[in-house]
Amino acid sequence: MKPSSSAPRAFAVACCLLVAGCATYQSLPLAGAPTRAADLGALNHDGVALGAPLTLAAVARLTIENNPDLLTARAQIDVAHAQLLQASLPPNPQVTGAILPLVAGYGYTVAWNSGIGENLTQLITLGARRASAEASAQQVDAQVLWQEWQTIGQARLLAIDLIQGARLLRLLTANRDLLAGRTGRSKRALARGDATIATVAPDLAALQTAQTALDDATRQQLSRRHQLAALLGLRPDAALPLADKADLPPINAAAVMAMLPTLADRRPDLVALQYGYRAEDAKLRAAILSQFPNLVFGATGGSDNANVRNAGPQVSLDLPVFDRNQGNIAIESTTRQQLHDEYAARVAGADGQVRAMLSEIAQLRRQRELAARDLGRSASMAARGEEALRAGNLDERSYVELVAARLTHEQEIVTLDQSLLEQQVAIATLIGAGLPSLATPEKEIH
């Protein structure tokens, strides 16, 4: 009887389907040129009006959408979910086979044998390994969100420092110009012989100090602008117009204290630790399940050279004489305890950090009130000094010293305001005020 040609054809079709389902390689060349944007218009700016100076909210929005490090970090999410996919796949069946032609002795046909088996131990631990990979993927999600929080906080801090730094530069410039005018008049008096070196020297020293402070603040402003541009994915020379005032609501200490009991449910870094604990707990369960002998169950069959055929079940079992997976169980158990203790320490540390910041904010507010009173007195004295100077009842040096004292108190106010705003940004980042949150896992840490 002529053999049918349908079997080879079906085999060929099956092979084509298997090949079609396989992944193929594609090259991904590295970038050969810098990729930073030349201006704000080249950034992703959905929901941000670029025609007006940037507020803190606009800076945060641009940062979350364009920061190069965040764009890279989000790729970790895809990697973690790919690992979850791999961990969710059951083990492939194992197929064996052999063809044994007759080379000597009795017999009249080719011998063969084949078998198929499945690793039951891998199937038993599949659920625990999948649970671990799922928790690990959720941990990466939380870690990336925490990085987003921190990056937003860093961008807000830089924007606040730039806004307050611009105010400080104006005051330092005014102080430098005031002393420069006084020094110029002193030099002219010295040239006329109406003054001595001893009287001019203090003016020169004060002007030099003021100029140095102005130069230092100018360099610091340029450095902050470059750092903010880098966070946004911009070139260092890109224009960054900022609002004149930081649009940041004040911190309500009572509201913050009310949020502390649920801090671990909102802080992504603490949520990530919870998911990490769950992943390790699942690894420990998998290690405990793996202490049982490695069992492969299947079926085998074959024919010898005399065409005697047989078939039946086949079992392969490891004898747990030496290795009962006790080493891996000890490793996973110790690691779980370490994560348990680390979580408790981090929660306690986060609570203490927020309480300390609230205390520092309260102190800064008290200092600001005292500085405001001092500014009021120095401003009043400077105004009276100007009237006295016009009336000829006060010398110019004394007047300049009064105005310089007023400017110094104004600089102190600006510095305290900057510190207050920085602390508000820091505590808002720690408690998640106005920031997205993650779903937390069921409580399993005691």
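# Close-up views of a predicted model

View 1. A search of the whole structure, which is a predicted model, finds one aromatic pair. The ring centres of Trp-146 and Trp-149 are 6.0 Å apart and the ring planes stand at 55 degrees, so the pair is tilted. Both tryptophans belong to helix α5, which spans residues 126-192. Trp-146 and Trp-149 are three residues apart there, about one turn of the helix. Trp-146 and Trp-149 are both buried.

**View 2. The packing of α5 with α10.** Helix α10 comprises residues 396-431, and its axis lies 9 Å from that of α5. The two helices pack at an angle of about 180 degrees, which makes α5 roughly antiparallel to α10. The contact of α5 with α10 involves 19 nonpolar residues, together with eight polar and ten charged ones.

View 3. Gln-418 is located in helix α10. This glutamine counts as buried, because its relative accessibility is 12% and the limit for a buried residue is under 20%. Leaving aside residues up to four places away in sequence, Gln-418 touches Ile-160, Asp-161, Gln-164, Gly-165 and Arg-224.

**View 4. The enclosed helix α2.** Helix α2 runs over residues 56-66, and nine of its eleven residues are buried, so the helix is largely enclosed by the rest of the structure. Among the buried residues of α2 are Leu-56, Val-59, Leu-62 and Ile-64. The buried set also includes Thr-63, Glu-65 and Asn-66. The buried residues of α2 pack against α3 (68-87), α5 and α6 (197-232).

**View 5. Asn-305 in the loop between β3 and β4.** Strand β3 covers residues 295-303 and strand β4 covers residues 309-317, with Asn-305 in the loop between them. The side chain of Asn-305 reaches the backbone oxygen of Thr-109 at a distance of 2.8 Å. Apart from residues up to four places away in sequence, Asn-305 touches Leu-100, Pro-101, Leu-102, Tyr-106, Gly-107, Tyr-108, Thr-109, Val-110 and Ala-111.

**View 6. Two asparagines with a positive phi.** Most residues other than glycine have a negative phi. Asn-307 has a positive phi of about 65 degrees, although it is not a glycine. Asn-307 is in the loop between β3 and β4 and is partly exposed, with a relative accessible area of 34%. For Asn-325, phi is near 65 degrees, likewise a positive value in a residue other than glycine. Asn-325 is found in the loop between β4 and α9 (326-390). At 12% relative accessibility, Asn-325 counts as buried.

**View 7. Leu-284 and its contacts.** Leu-284 is part of helix α8, which spans residues 268-289. The relative accessible area of Leu-284 is 8%, and the residue is buried. Between Leu-284 and Ile-329 there are 45 residues of separation in sequence, yet the two are 6.3 Å apart in space, C-alpha to C-alpha. When residues up to four places away in sequence are not counted, Leu-284 touches Ile-329, Glu-332, Ser-333 and Arg-336.

Key
Residues numbered from 1 in each chain as written. Predicted model: local features only at pLDDT ≥ 70, side-chain atom pairs only at ≥ 80, totals over all residues. Heavy atoms only, no water. Helix = DSSP H or I, 4+ residues; strand = E, 2+ residues; numbered from the N terminus. Polar contact = N/O pair within 3.5 Å; in protein donor to acceptor, adjacent residues only side chain to side chain. Contact = heavy atoms within 4.5 Å. Phe/Tyr/Trp six-rings, centres within 6.5 Å; stacked < 30°, edge-to-face > 60°. Buried < 20%, exposed > 50% of the residue type's maximum accessible area, 1.4 Å probe, protein only. Axes fitted to C-alpha atoms, helices over the stretch in contact; angles between N-to-C directions. Parallel < 35°, antiparallel > 145°, perpendicular 65-115°, else oblique. Nonpolar A, V, L, I, M, F, W, Y, C, P; charged D, E, K, R; others polar.
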